[in-house]
Amino acid sequence: PFLADWVQLTTQKGYNIKRPSASYGRPWAMKLMLRAMCEFRRRNPGAGNIVVGDWSGKVGGQLGRHLSHRTGRDVDLSYFIEGKPGLKGFVRATPSSMDVGLSWELVRALLDTRQVEFIFMDWSLQKAMYEYARSKGFPEAELNQIFQYPEGRRVRSGIIRWARGHDNHIHVRFKCPGDDKLCR
């Protein structure tokens, strides 16, 4: 669908854009992501760059191999990898290679917007992040509302859910604003 307010994300300090041709989205969603990134930077000033992957194409619609990324409210963001602060693209993460603390802080900043509908990530990385947050004192009852883990991959609960193909990035979907009839 063509949306009149489609905008392109531009490069700024603190993040790298993986594919400029797929960096188009809705202004309200980009503002939410940028607000979360600013909060993340405030809490973690020494963290390396975040890689911003695909948003949508210039006027929305199907984007390559993605099932979503059509309406400008979905974005892919990198995990932080131990010892690799200057990433230019996505790198496959494992529980032992992911900087769990920084990756959790990015997810937490996104969640703090209260406008995230879903975050998709690999199951083993979700488990590592859940256990990390729990070790830092986040209440288990709160974490159980945020994470699908430990309930199981087939359980449809939590904001953070497992989806195949998310071991090198997280997929963030922002909620549609109530007054936006074109958002779906």
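Predicted model: local features only at pLDDT ≥ 70, side-chain atom pairs only at ≥ 80, totals over all residues.

Visitor: Which residue has a positive phi although it is not a glycine?
Guide: Most residues other than glycine have a negative phi. The exception to look at is in the loop between H2 and strand E6 (116-121). Its phi is about 60°, and the residue is arginine 114.

Visitor: Is arginine 114 buried or exposed?
Guide: The cut-off for exposed is over 50% relative accessible area. Arginine 114 has a relative accessible area of 67%, so this residue counts as exposed.

Visitor: How do H1 and H2 lie to each other, parallel, perpendicular or oblique?
Guide: Two packed helices are described by the angle between their axes and the distance between the axes. Here the angle is about 135°, and the axes are 8 Å apart. Roughly perpendicular covers 65 to 115 degrees, and roughly antiparallel starts over 145. The pair H1 and H2 is therefore oblique.

Visitor: Which residues of H1 make the contact with H2?
Guide: H1 passes H2 in a right-handed crossing. On the H2 side, the contact is made by Leu102, Glu105, Leu106, Arg108, Ala109 and Leu110. On the H1 side, the residues are Ala36, Glu39, Phe40 and Arg43.

Visitor: Which residue meets arginine 43 in a salt bridge?
Guide: The pair links distant parts of the chain, with arginine 43 in helix H1 (residues 27-43) and its partner in helix H2 (residues 100-111), 62 residues apart. The N to O distance is 3.8 Å, and the partner is glutamate 105.

Visitor: Which residues are linked with Arg43 and Glu105 in a network of salt bridges?
Guide: A search of the whole structure finds eleven salt bridges. Some of the residues involved form a network that includes Arg43 and Glu105.

Visitor: How many residues apart are glutamate 131 and lysine 127?
Guide: Their side chains meet in a salt bridge, at 3.5 Å from N to O. Glutamate 131 is partly exposed at 38% relative accessible area, and lysine 127 is partly exposed at 35%. Both lie in helix H3 (residues 123-135), about one turn of the helix from each other, and the separation is four residues.

Visitor: What is the N to O distance between glutamate 140 and arginine 134?
Guide: Glutamate 140 is partly exposed, with 39% relative accessibility. Arginine 134 is partly exposed too, at 44%. Their side chains meet in a salt bridge, and the N to O distance is 3.5 Å.

Visitor: Which residues have the most contacts inside the largest nonpolar core?
Guide: In soluble globular proteins, nonpolar side chains tend to be buried together. Here the largest nonpolar core has 51 residues. Leaving aside neighbours within four places in sequence, phenylalanine 174 is in contact with residues including Trp28, Leu32, Met33, Trp55, Val75, Leu110 and Val116. The two residues with the most contacts inside the core are Leu77 and Phe174.

Definitions and conventions. Residues numbered from 1 in each chain as written. Heavy atoms only, no water. Core = buried A, V, L, I, M, F, W, Y, C linked by side-chain atoms within 4.5 Å. Buried < 20%, exposed > 50% of the residue type's maximum accessible area, 1.4 Å probe, protein only. Contact = heavy atoms within 4.5 Å. Salt bridge = Lys/Arg side-chain N within 4 Å of Asp/Glu carboxyl O. Helix = DSSP H or I, 4+ residues; strand = E, 2+ residues; numbered from the N terminus. Axes fitted to C-alpha atoms, helices over the stretch in contact; angles between N-to-C directions. Parallel < 35°, antiparallel > 145°, perpendicular 65-115°, else oblique. Left-handed = near helix turned anticlockwise from the far one by under 90°.
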